[in-house]
Amino acid sequence: MPGAPRHPHTSPTATRRQVVVGGALALGAAALSLPLHAGSARAFAAAGDPFTLGVASGDPHHDSVVLWTRLAPDPLAEDGRGGMPDRSVPVQWQVSEREDFGRVNASGTAEAVPGSAHAVHAVARGLRPGAHYHYRFRVGSHISPVGRTRTAPLPGARNNRFAFAFASCQSYLNGHYTAHAHLAREDLDLVAFLGDYIYESGAAGAIGRPHIPSREVHTLAEYRVRHAQYKSDQDLQAAHAAFPWAVIFDDHELDNNWAGEHPEDDQPHEAFMRRRAAALKAYYEHMPLRPAQAPQGPYIHLYRRLRFGTLLDMHLLDTRQYRDDQVDDASRRDPSRTLLGPVQKQWLKEGLSSSRARWNVLAQQVFFSQRDFLAGEGTDFSNDAWDNYAVERDEIRDHLAGVRNPVVITGDVHANYVCDVKADFDDPASATVATELVGTSITSGGNGSENAPGDDVQLAENPHIRFVNRRRGYVRNTVTPTEWTADYRIVDHVDRPGAPVRDRARFVVGDGVPGVRSQDRPDQERQKV
């Protein structure tokens with residue numbers, strides 16, 4: 001990336017949140033010079049702020065990025081329409097390299113339509129590779145917050161640094177999004193969110209952040225309200241506005257532990273598929289995804305690939321939509337069982353084999369490495385992870401052995417792990433072929449702890465697991481041609497706001513040397529929100 005990299009612990013002169021908030025205030029007068037659409041003016045003359053859910057960008061290419069917002073002056077309206085009229089509304093957007101928008105690099109108008117919850121997915125094209133941009137929306141006299149995004153480097157361009165964070169599992173009722181507040185202050189090129197963006201349950205929790213509606217969600221209107229509730233959080237909005245995101249779903253965006261066309265419980269197939277269509281539609285409506293990812297009924301093409309110069313290829317996987325139903329341990333090695341489905345598996349293998357990047361990242365949802373929870377003889381594996389699809393997992397693992405610098409990044413389990421991916425998980429002396437970095441939750445599971453009683457058993461039974469920690473936070477990654485540095489950033493509590501962030505551990509992967517080495521670090525860079 002152009003420019004000298006900052007030291008990992010040096011805060012930028014202006015934090016991302018200061019850019020977003022300060023920019024929005026400073027640019028208000030300038031934005032009024034945009035041409036005013038008469039229909040928009042009439043529609044919102046007496047309405048409230050339509051930009052209550054903030055702005056976001058995502059899936060950066062070298063010459064384009066998708067810009068997202070949703071018009072919702074009443075975001076929690078029970079009918080799921082966000083307080084919007086039953087007609088289309090034109091939304092203007094602008095992109096500029098200058099914070100004051102003194103020169104506009106790209107602009108356009110998108111139609112926010114009732115059938116899509118008045119969400120906007122505008123693809124800004126003709127942008128410079130590897131460049132920072134500011135963006136904003138306007139409807140009538142209402143101007144959105146200003147977001148900041150960045151394009152990817154030109155394909156084939158040599159870039160010397162790529163910084164990104166990954167996170168997952170942000171139950172609204174389990175905690176405050178303090179980790180997102182800290183995330184928004186990082187110096188990053190991308191955020192990868194690995195699933196469980198919302199939770200479908202109707203629980204109330206114990207910290208004053210109950211789910212709305214109070215019941216488990218099933219309908220399109222209910223999923224829209226649940227997404228709007230999560231998106232209303234100011235810390236999450238700040239993290240979205242600070243960087244482009246690459247998102248994939250796991251299970252709770254629809255139903256706990258769903259697998260392909262199989263729900264967790266015994267609801268009828270037709271009812272579940274209607275629910276799946278509603279959940280996927282609401283998910284797309286609230287995510288900065290490209291129009292190519294728009295769902296068709298209960299199906300969405302979510303697996304895709306992002307390239308960042310010659311340094312890194314990110315292969316984003318869908319481990320829910322094509323999987324066979326979960327089985328017990330006795331059946332987990334059935335060779336016909338699939339987690340990815342045949343088409344996605346072939347796409348992944350071909351993409352890995354043809355990649356010319358220095359680093360290859362599998363961005364995915366569920367635990368990849370073997371994880372036996374039972375001490376001594378016998379086994380106890382998670383039936384919702386790759387262990388339940390062991391033959392296919394081992395096939396992908398064996399393929400990774402021939403790929404340059406493979407790193408698997410994972411969410412789901414509400415804990416930090418680091419694993420050496422072994423050529424034979426049952427033989428600790430076998431070769432290490434890849435690295436798995438597992439990130440904890442943003443809030444799910446509550447405050448968390450340093451460790452749980454069963455962690456000693458996991459470490460003893462699975463010597464390829466190098467690290468376990470159960471605090472909340474995210475993983476910050478700094479990638480160069482010679483090494484990958486992963487900082488496990490944690491907060492000590494989420495039941496109340498204001499926790500400082502600290503580095504719990506640092507792990508480094510060297511170019512051409514699979515597996516991690518640990519670097520002990522003192523707690524430092526404590527911050528308060």
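I looked up what surrounds Tyr-284 and found that, once neighbours within four places in sequence are left aside, Tyr-284 is in contact with His-121, Leu-289, Arg-290, Pro-291, Gln-293, Ala-294 and Pro-295, where contact means heavy atoms within 4.5 Å. This is a predicted model, in which local features need pLDDT of at least 70 and side-chain atom pairs count only at pLDDT 80 or more, while totals for chains, interfaces and linings use all residues. Residues are numbered from 1 along each chain as its sequence is written, and side-chain values use heavy atoms, with hydrogens and water left out.

I placed Tyr-284 in helix H7, which covers residues 269-285; helices (H or I, at least four residues) and strands (E, at least two) are DSSP runs numbered from the N terminus. Tyr-284 counts as buried because its relative accessibility is 10%, the scale being under 20% relative accessible area for buried, over 50% for exposed and partly exposed in between, with a 1.4 Å probe and protein chains only. I also noted that Ile-300, 16 residues from Tyr-284 in sequence, lies 8.9 Å from Tyr-284 in space, C-alpha to C-alpha.

I then turned to helix H6, residues 234-242, which contains Gln-237. Eight of the nine residues of H6 are buried, so H6 is largely enclosed by the rest of the structure; the buried ones are Asp-235, Leu-236, Gln-237, Ala-238, Ala-239, His-240, Ala-241 and Ala-242. Gln-237 itself has a relative accessible area of 10%, and a polar atom of the Gln-237 side chain lies 2.9 Å from the backbone oxygen of Lys-231. Beyond four places in sequence, I listed Thr-52, Leu-53, Gly-54, Val-55, Lys-231 and Ser-232 as contacts of Gln-237. At the start of H6, I found a side-chain oxygen of Asp-233 within 2.9 Å of the backbone nitrogen of Asp-235.

I checked the cysteines next and recorded zero disulfides in the structure, a disulfide being a pair of cysteine sulfur atoms within 2.5 Å. Cys-169 counts as buried at 0% relative accessibility, and Cys-419 is buried with a relative accessible area of 0%.

For the protein as a whole, I noted 10 helices and 22 strands, and 60% of the 529 residues count as buried. Among contacts between residues at least 6 apart in sequence, 70% join residues at least 24 apart. The accessible surface comes to about 18900 Å², with 50% of this belonging to carbon and sulfur atoms; the areas come from the Shrake-Rupley method with a 1.4 Å probe, and for residues only the protein chains shown count as cover.

Note on methods:
A polar contact is a pair of N or O atoms within 3.5 Å; within protein, one must be able to donate a hydrogen and the other to accept it, and residues adjacent in sequence count only if both atoms are side-chain atoms.
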